[in-house]
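This briefing covers the overall fold of a protein chain, its charged surface and its salt bridges. Please consult the sequence and the structure shown here alongside the text.

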Amino acid sequence: MRHGDKVKKLGRYKEHRKSMLRNLSNSLIKNERIITTVARAKYLKRVIEKIITRSKEDTLHNRRIVFAFLRDGDSVNKLFSNIGVRYKDRNGGYTRIVKLGKFRKGDGAELAVIEFV
């Protein structure tokens, strides 16, 4: 049976994958643009879109939910003060993935840029 196989594993166990997504999310919020592999960028897009939707309404409840995932006060403050306000009238589609056409030297993974629109 194929129950529960909808999660992209990215070659990592659950805790490592969650930690990697947390680090990628914090980097994207701080720099507003990062270079990573296409698979990671697509996975990150699903996660970061939900976080930005939360940050559009600045309530204590939303801040606590976002902080529970990001665990970085500076990222949370920037998210709620700058990024959430910027996308107040937008109904999704906050990020863009652009394939670079380059491949990583070590394993040949295709690289992409993920950035805020």
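The points below are grouped by topic, from the overall architecture to individual side chains.

The structure is a predicted model. Four helices and three strands make up the secondary structure of the protein. A search of the whole structure finds eight salt bridges, and a patch of positive charge on the surface gathers Lys8, Lys42, Arg46, Lys50 and Lys99.

**Overall architecture**

- Along the sequence, the secondary-structure elements follow the pattern α-β-α-α-α-β-β.
- The radius of gyration of the protein is 15 Å, which agrees with the value near 13 Å that a compact globule of 117 residues would have.
- Taken along the principal axes, the box filled by the C-alpha atoms is roughly 40 × 35 × 25 Å.
- Of the 117 residues in the protein, 37% are buried.

**Positive surface patch**

- The members of the positive patch on the surface are Lys8, Lys42, Arg46, Lys50 and Lys99.
- Helix H2, which spans residues 38–55, gives the most to this patch, with three residues.
- Lys42, one of the patch residues, is placed in helix H2.
- The relative accessibility of Lys42 is 48%, so this residue counts as partly exposed; exposed would require over 50%.

- Side chains of opposite charge can pair when their charged atoms come close.
- Glu115 forms a salt bridge with Arg33, and their closest N and O atoms are 3.1 Å apart.
- Because Glu115 lies in strand S3 (residues 110–116) and Arg33 in strand S1 (residues 33–37), this pair ties together parts that are 82 residues apart in sequence.
- Glu115 counts as buried at 14% relative accessibility, whereas Arg33 counts as exposed at 51%.
- Glu115 also meets the side chain of Arg96 in a salt bridge, with an N to O distance of 3.0 Å.
- Arg96 lies in strand S2 (residues 95–103) and Glu115 in strand S3, so their pairing ties together parts that are 19 residues apart in sequence.
- With a relative accessible area of 36%, Arg96 is partly exposed.

**Other salt bridges**

- Lys6 is exposed, with a relative accessible area of 69%, while Asp5 is partly exposed, with a relative accessible area of 42%.

**Gly73 in helix H4**

- Gly73 is placed in helix H4, which comprises residues 73–86.
- At 33% relative accessibility, Gly73 counts as partly exposed.
- The C-alpha atoms of Gly73 and Arg63 are 9.8 Å apart in space, and the two residues are 10 residues apart in sequence.

Note on methods: Residues numbered from 1 in each chain as written. Predicted model: local features only at pLDDT ≥ 70, side-chain atom pairs only at ≥ 80, totals over all residues. Heavy atoms only, no water. Patch = residues over 30% accessible without salt bridge, like charges linked within 9 Å, V, L, I, M, F, W, Y side chains within 5 Å. Areas by Shrake-Rupley, 256 points an atom, 1.4 Å probe, with all protein chains shown as cover. Salt bridge = Lys/Arg side-chain N within 4 Å of Asp/Glu carboxyl O. Lys, Arg positive; Asp, Glu negative; His and termini not counted. Charge placed at Lys NZ, Arg CZ, Asp CG, Glu CD. Helix = DSSP H or I, 4+ residues; strand = E, 2+ residues; numbered from the N terminus. Buried < 20%, exposed > 50% of the residue type's maximum accessible area, 1.4 Å probe, protein only. Rg over C-alpha atoms; globule rule 2.2 N^0.38 Å.
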